[in-house]
Amino acid sequence: RAKADGRGTYRFFETGMDARAQARRLLEMDLRAAVQRDEFEAYYQPIRDVASGRVVAFEALLRWNHPQRGLIAPIDFIPLAEETGLIVQLGEFVLRSACIDAATWPDDVDLAVNLSPVQFKNPNLIASVIAALAASGLDARRLELEITESVLLQNSEATLTTLHELRAMGVRISLDDFGTGYSSLSYLRSFPFDKIKIDRSFVSELATREDSMAIIRAVTSLGRSLGIVTTAEGVENDAQLELLRREGCTQAQGYLFSKPRPASDVAVMLNRPRLLASA
Ligand code: C2E
Ligand code: MG
Ligand code: MG
Ligand code: MG
């Protein structure tokens, strides 16, 4: 059994400590060192207006350039970063570097940044958003923050206050992964979201499942009635894009246009309608 020592850390390789716990502990140490060593990088994926085809925004997606393991995707480190609280530092890093990058893009191209529920428990969230905007000179109206309904699940007054404060600064708030949680519709009433991002799982089955089609239709129509932009995630082919266009979905994002790529590729992604290969 792992036991805490006097400094609140854990001893290694203690008898009986299972392999999973050990791997986790190693990953945690690695993660902490990586923050110091500057191994994190924001990648960017374009979001296009469905009607005009124009790139209207890029979503920043965090990557870990591990010296031995290569490029690591968020699924393999964000959960642990959340458990250990390191996500606060990582989140500040993404916000800061993405705002600096976005300030160099054309003025009509926005920046979307994901926020973890854990960041909402940190009293410095607003201050770090203000600092990132100030340091980069990025107009607050070009920044969208993506949250999942689990943020609202915490259902605290403090969370809603924070969201309203961000909104008052001109920052827009998107509801990410819509449709994957529990009582999604009630969240639309608890806060006036600017955008709903329809989860990839519905888009991927668009052409083959009637019910996915019906759900997309309902959400885009709901968005229209509420005056909320709808963005389809995970658009991979023309058939999906065509169905989304027909349903009046506002924006689309997915491998059809481009995978997430480094900041240096933004100019290329802006100028070419499609970038299927690499990254
Ligand atoms: P998300 O915010 O829903 O981001 C969309 C994810 O879908 C990204 O995965 C993106 O690469 C992937 N994706 C986009 N288009 C397609 C497609 O056409 N097909 C397929 N199969 N996938 C597509 P990624 O980059 O691995 O990120 C996964 C999740 O990790 C994100 O989901 C987000 O929840 C979280 N994440 C990423 N970066 C950050 C960050 O900076 N902070 C926080 N708190 N979370 C982040
Ligand atoms: Mg997102
Ligand atoms: Mg999403
Ligand atoms: Mg998603």
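Axes are lines fitted to C-alpha atoms, for helices over the stretch in contact, and the angles between them run from 0 to 180 degrees between N-to-C directions. In this predicted model, the axes of helix 5 and helix 7 (residues 157-168) come within 10 Å and cross at roughly 20°. Angles under 35 degrees count as roughly parallel, and helix 5 and helix 7 are therefore roughly parallel to each other. Helix 5 passes helix 7 in a right-handed crossing. On the helix 5 side the contact is made by L125, I126 and V129, and on the helix 7 side by T162, E165 and L166. By class, four of these residues are nonpolar, one is polar and one is charged.

Helix 5 (residues 125-136) also meets helix 3 (residues 87-102): the two axes come within 8 Å and cross at roughly 25°. That angle makes helix 3 roughly parallel to helix 5. Here, too, the crossing is right-handed. Helix 3 contributes E92, L95, R96, C99 and I100 to the contact, while helix 5 contributes S128, V129, A132, L133 and S136. The residues of this contact divide into six nonpolar, two polar and two charged.

Attention now turns to the ligand. Around ligand 1 there are 22 residues, of which R63, N114, D176, E236 and Y255 come nearest. A polar side-chain atom of E236 lies 2.5 Å from a nitrogen atom of ligand 1. The backbone takes part as well: a backbone N or O atom of Y255 lies 2.8 Å from an oxygen atom of ligand 1, and one of L62 lies 3.1 Å from a nitrogen atom of the ligand.

Terms used: Residues are numbered from 1 along each chain as its sequence is written. Chains are lettered from A and ligands numbered from 1 in the order in which they are written. This is a predicted model: local features need pLDDT of at least 70, side-chain atom pairs count only at pLDDT 80 or more; totals for chains, interfaces and linings use all residues. Side-chain values use heavy atoms; hydrogens and water are left out. Helices (H or I, at least four residues) and strands (E, at least two) are DSSP runs, numbered from the N terminus. Angles under 35 degrees count as roughly parallel, over 145 as roughly antiparallel, 65 to 115 as roughly perpendicular and the rest as oblique. A crossing is left-handed if the near helix is turned anticlockwise from the far one by less than a right angle, and right-handed if clockwise. Contact means heavy atoms within 4.5 Å. Ala, Val, Leu, Ile, Met, Phe, Trp, Tyr, Cys and Pro count as nonpolar, Asp, Glu, Lys and Arg as charged, and the others, Gly among them, as polar. A residue is near a molecule or strand if one of its heavy atoms lies within 4 Å of it. A polar contact is a pair of N or O atoms within 3.5 Å; within protein, one must be able to donate a hydrogen and the other to accept it, and residues adjacent in sequence count only if both atoms are side-chain atoms.
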